[in-house]
Amino acid sequence: MKYSIVIIAILTLFSCKKNESTTTVQQTVTDSISLSEVVIDTVITEIEVVAPPKSYKEIKAELTAKGFETYDLIDEVTKDTILMKQYFVAFLKGGAVRTQNEEEAKDLQDEHIAYLKNMYELGYADVSGPFGDEGEIRGITIYNVPTKKMADSLANSDPMVKAGRLEIEIHPWWAASGFKMR
């Protein structure tokens with residue numbers, strides 16, 4: 001019985017798909033036939049090497065080298081050190097130039113979305129989206145860049161901003177580095 005459990009564990013680890021050979025192996029294990037009769041036809045051709053996670057000090061040093069501002073926050077309950085990192089939030093407000101016709105406005109919107117997608121792909125923006133009301137602030141983009149000057153430059157390069165349909169207001173914002181939204 002002990003050997004059957006070991007064999008099942010080994011087969012579970014190495015089986016890639018259920019096929020005739022797998023069924024034969026499973027049947028062999030079920031019938032308690034000796035291990036020497038089990039044939040495993042799976043060959044491992046590639047091994048992925050996974051780097052160990054970076055330490056707190058390594059992450060902080062990398063961010064500092066790139067020009068990001070950081071500080072240590074001590075969690076009062078766990079006493080863990082949380083690495084806080086500065087981001088920049090761009091508030092996208094309704095701009096003064098709203099004279100574009102429907103087709104021009106749609107084209108600008110498509111360019112705006114493509115521009116933001118590119119910012120994500122380049123790693124400059126982490127979160128972006130519109131607000132659900134028709135208020136003065138139309139949406140936000142959170143820029144993952146080391147300086148306000150850089151965030152301002154990127155935000156003002158947005159086609160909607162360049163056309164005057166949106167205006168930008170930027171504020172520094174602190175969040176825990178590496179934490180994900182829920």
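Among contacts in the chain (heavy atoms within 4.5 Å) between residues at least 6 apart in sequence, 62% join residues at least 24 apart. This is a predicted model, in which local features need pLDDT of at least 70, side-chain atom pairs count only at pLDDT 80 or more, and totals for chains, interfaces and linings use all residues. Numbering runs from 1 along each chain as its sequence is written, and side-chain values use heavy atoms, with hydrogens and water left out.

The chain holds 6 helices and 5 strands. These are DSSP runs, numbered from the N terminus: H or I of at least four residues for helices, E of at least two for strands. Their order along the sequence is α-α-α-β-β-α-β-β-α-α-β. Of the 182 residues, 27% are buried, meaning under 20% relative accessible area with a 1.4 Å probe, protein chains only.

Confidence comes next. pLDDT is the predictor's confidence in each residue, from 0 to 100. The chain averages 82, and 76% of the residues score at least 70. Helix α2 (residues 20-30) has the lowest mean among the elements, 46. Over residues 16-26 pLDDT stays under 50, and the model has 8 contacts beyond four places in sequence for them.

Helix α5 (residues 148-156) has the highest mean pLDDT, 96. Its buried residues are A151, L154 and A155. They fall within an arc of 100 degrees seen down the helix axis, so they line one face of α5. The arc is taken from the directions from the axis to the C-beta atoms. An α-helix has 3.6 residues a turn, so residues three or four places apart point the same way. The cover over the buried residues of α5 includes β2 (81-94), α4 (102-122), β4 (137-143), α6 (159-162) and β5 (166-176).

How values were computed
Buried < 20%, exposed > 50% of the residue type's maximum accessible area, 1.4 Å probe, protein only.
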